[in-house]
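Q: Could we go through this structure feature by feature, with the general idea stated before the case?

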Amino acid sequence: MRKPEAVRRHLPTSPFKAKAEVPRKHFALGDRVTHDAYGLGRVIGVEGDTAVLVDFGSHQERISEPYRGMFNL
């Protein structure tokens, strides 16, 4: 059984640099996107900041946060 990992916070007096926060990806209706597994597509639905529905031509796929492998064109 593993212990849950503690949240590490950066102390201002630390000699080490704080981790850079990864910018969140935002997608809007009609955006052209590319996905590592599915290829080129167009966003046809947005569910807030939790998921997007993308039409890849041959099929539609619902992709949820953190949108791994998907990028705006």
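**Reading the fold and its details**

A: We can begin with secondary structure: the protein chain has zero helices and five strands. This is a predicted model.

Q: What pattern does the protein chain follow along the sequence?
A: The pattern is β-β-β-β-β. The radius of gyration is 17 Å, well over the 11 Å that the globule rule gives for 73 residues, so the chain is more spread out than a compact globule. Taken along the principal axes, the box filled by the C-alpha atoms is roughly 50 × 35 × 20 Å.

Q: Which residues make up the largest nonpolar core?
A: A core of this kind is a set of buried nonpolar residues joined through side-chain atoms within 4.5 Å. The largest one has nine residues: Phe27, Val33, Val43, Val52, Val54, Phe56, Ile63, Tyr67 and Met70.

Q: Which residues is Phe27 in contact with, leaving aside its neighbours within four places in sequence?
A: With those neighbours left aside, the contacts of Phe27 include Val33, Val43, Val52, Tyr67 and Met70. Val46, Phe71 and Asn72 are also among them.

Q: Where is Tyr67 found, and is Tyr67 buried or exposed?
A: Tyr67 is in the loop between strand 4 and strand 5. Its relative accessibility is 2%, so Tyr67 counts as buried. The backbone of Tyr67 has a positive phi of about 55 degrees, although Tyr67 is not a glycine.

Q: What is the peptide bond from Glu65 to Pro66, cis or trans?
A: That bond is cis, with omega near 15 degrees. Pro66 lies in the loop between strand 4 (60-64) and strand 5 (70-72).

Q: Where is Asp49 found, and which residues is Asp49 in contact with, leaving aside its neighbours within four places in sequence?
A: Asp49 is in the loop between strand 2 (39-47) and strand 3 (51-55). Beyond those neighbours, Asp49 is in contact with Arg24, His26, Glu65 and Tyr67. Asp49 counts as partly exposed because its relative accessibility is 44%.

Q: How many positive and negative side chains does the protein chain have?
A: There are 12 positive and 9 negative side chains, and the centres of the two sets lie 11 Å apart.

Terms used: Residues numbered from 1 in each chain as written. Predicted model: local features only at pLDDT ≥ 70, side-chain atom pairs only at ≥ 80, totals over all residues. Heavy atoms only, no water. Helix = DSSP H or I, 4+ residues; strand = E, 2+ residues; numbered from the N terminus. Rg over C-alpha atoms; globule rule 2.2 N^0.38 Å. Lys, Arg positive; Asp, Glu negative; His and termini not counted. Charge placed at Lys NZ, Arg CZ, Asp CG, Glu CD. Buried < 20%, exposed > 50% of the residue type's maximum accessible area, 1.4 Å probe, protein only. Contact = heavy atoms within 4.5 Å.
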